[in-house]
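Reader: I would like to go through this model one feature at a time. Please give the general idea before each case.

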Amino acid sequence: MARMTEGDTALPPLSLYVHVPWCVRKCPYCDFNSHGVGRNSELPEAAYLAALLEDLDADLPLARDRELTSLFIGGGTPSLMSAGFYASLLEGITRRLSLPDGIEITLEANPGTLERGRFRGYREAGINRLSLGVQSFQSSQLEVLGRIHSGKDAVAAVEEARAAGFDNLNLDLMHGLPGQTPELALADLECALELAPEHLSWYQLTLEPNTEFHSRPPVLPEEEVLWDIQDLGHERLEAEGLARYEISAYARPGRRSRHNLNYWRFGDYLGIGAGSHAKLSAPGEGGRLCIERRWKTRQPEAYLRRRQDPRGFVAGRDEVGEDELPLEFAMNALRLVEGVSLEDWAAHTGRPLDVLEARLGAARQKGLLEEKVPRLQASPRGLLFLNELLALIEGAGTE
């Protein structure tokens with residue numbers, strides 16, 4: 001998509017992320033801004049809707065009249081909210097921002113929180129893509145992961161989504177689970193493939209700080225088992241017509257996530273909702289872009305109180321320094337299998353290509369970059385050892 005311009009400065013595409021912070025129960029591996037409320041709690045839908053739209057009103061100048069490329073509603077568990085909530089939210093967003101015909105509008109959903117018939121209401125509200133947090137189809141693994149649904153619930157959720165008219169589904173699936181063998185991991189993949197999703201996010205369980213699993217770690221498969229799982233799983237998914245386009249994302253033709261692609265291509269995004277983050281560009285001196293990251297108040301109750309606070313919803317902001325840009329850009333772009341053109345590298349980082357080239361020899365010698373490709377493109381080994389590749393490239397910001 002062509003970039004919008006302000007004066008002589010090109011601005012990247014713009015997406016919108018909406019965060020819904022509540023879930024039924026916090027999972028032991030989750031480091032997202034999510035807050036367990038139990039099954040029968042009444043959520044403050046009206047107050048949160050008003051806060052989201054006020055939050056967006058305050059951020060509208062940052063959009064700089066750009067058309068949205070995608071809209072993503074994540075959490076937490078967004079499917080705890082009613083279809084009416086999303087109909088009102090999307091109507092409010094449409095009144096404030098330009099949304100093209102056919103824009104991708106994604107809602108994350110948990111198979112264990114869905115009332116029968118709710119998918120149809122989501123579809124009628126304007127949501128056209130669902131991302132179902134399945135994680136596993138096996139009861140023993142779901143119990144260890146703290147999930148509140150069963151494998152049968154996941155299958156039923158897909159069936160209901162199809163009946164409601166959704167033709168663009170993502171399934172989130174984990175591997176490298178406690179006690180998992182390659183056979184068990186492949187069995188999960190087969191269950192997912194039987195449901196014929198358009199997109200599959202297949203990622204390895206990691207023990208993140210500030211999670212229950214980090215403080216009380218489970219026994220995970222050994223490294224050789226993890227390699228076998230990844231190799232066999234990747235081969236199976238590709239054979240099924242789900243092509244890998246990002247480290248942990250596979251899609252059928254034409255079904256790559258537009259929202260996630262905008263992240264990886266270093267596009268801009270607004271973030272509204274408790275704990276949401278944004279990355280925004282503005283024209284700077286000499287035709288370069290100044291990039292700011294900002295984040296909103298994290299705790300849901302505090303976020304709602306910010307409606308009466310003259311400081312607004314923003315909890316903090318930070319400008320990305322020139323020396324930080326190469327690593328910031330590479331951390332995103334090199335997640336993509338296709339990598340990034342060298343011209344885009346120079347345009348986004350402001351660094352001449354000879355500075356970058358001086359850093360790439362070691363990466364090529366280690367087999368972390370594709371050879372004889374006129375792009376900055378991680379090899380299959382580089383995708384597996386991305387942190388090592390990024391460490392070699394990081395110096396291109398300071399030399």
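Author: Two strands pair if DSSP finds at least two bridges between them. Helices (H or I, at least four residues) and strands (E, at least two) are DSSP runs, numbered from the N terminus. This is a predicted model, in which local features need pLDDT of at least 70, side-chain atom pairs count only at pLDDT 80 or more, and totals for chains, interfaces and linings use all residues. Residues are numbered from 1 along each chain as its sequence is written, and side-chain values use heavy atoms, with hydrogens and water left out.

Reader: Which residue in E8 is the bridge partner of threonine 106?

Author: Arginine 129 is that partner. Strand E7 (residues 104-109) pairs with E8 in the parallel sense over four bridges. E8 also runs parallel to strand E9 (residues 169-175), joined by five bridges, with serine 131 opposite asparagine 170.

Reader: Why is strand E8 described as largely enclosed by the rest of the structure?

Author: Buried means under 20% relative accessible area, exposed over 50%, and partly exposed in between (1.4 Å probe, protein chains only). Seven of the seven residues of E8 (residues 129-135) are buried, so the strand is largely enclosed. Both faces are covered: Arg129, Ser131, Gly133 and Gln135 are buried on one side, and Leu130, Leu132 and Val134 on the other.

Reader: Where is threonine 181 found?

Author: Threonine 181 lies in the loop between E9 and helix H6 (182-194). Its relative accessibility is 31%, so threonine 181 counts as partly exposed.

Reader: What is tyrosine 86 in contact with, beyond its neighbours within four places in sequence?

Author: Contact means heavy atoms within 4.5 Å. The partners of tyrosine 86 include Val20, Ile73, Leu107 and Ile127.
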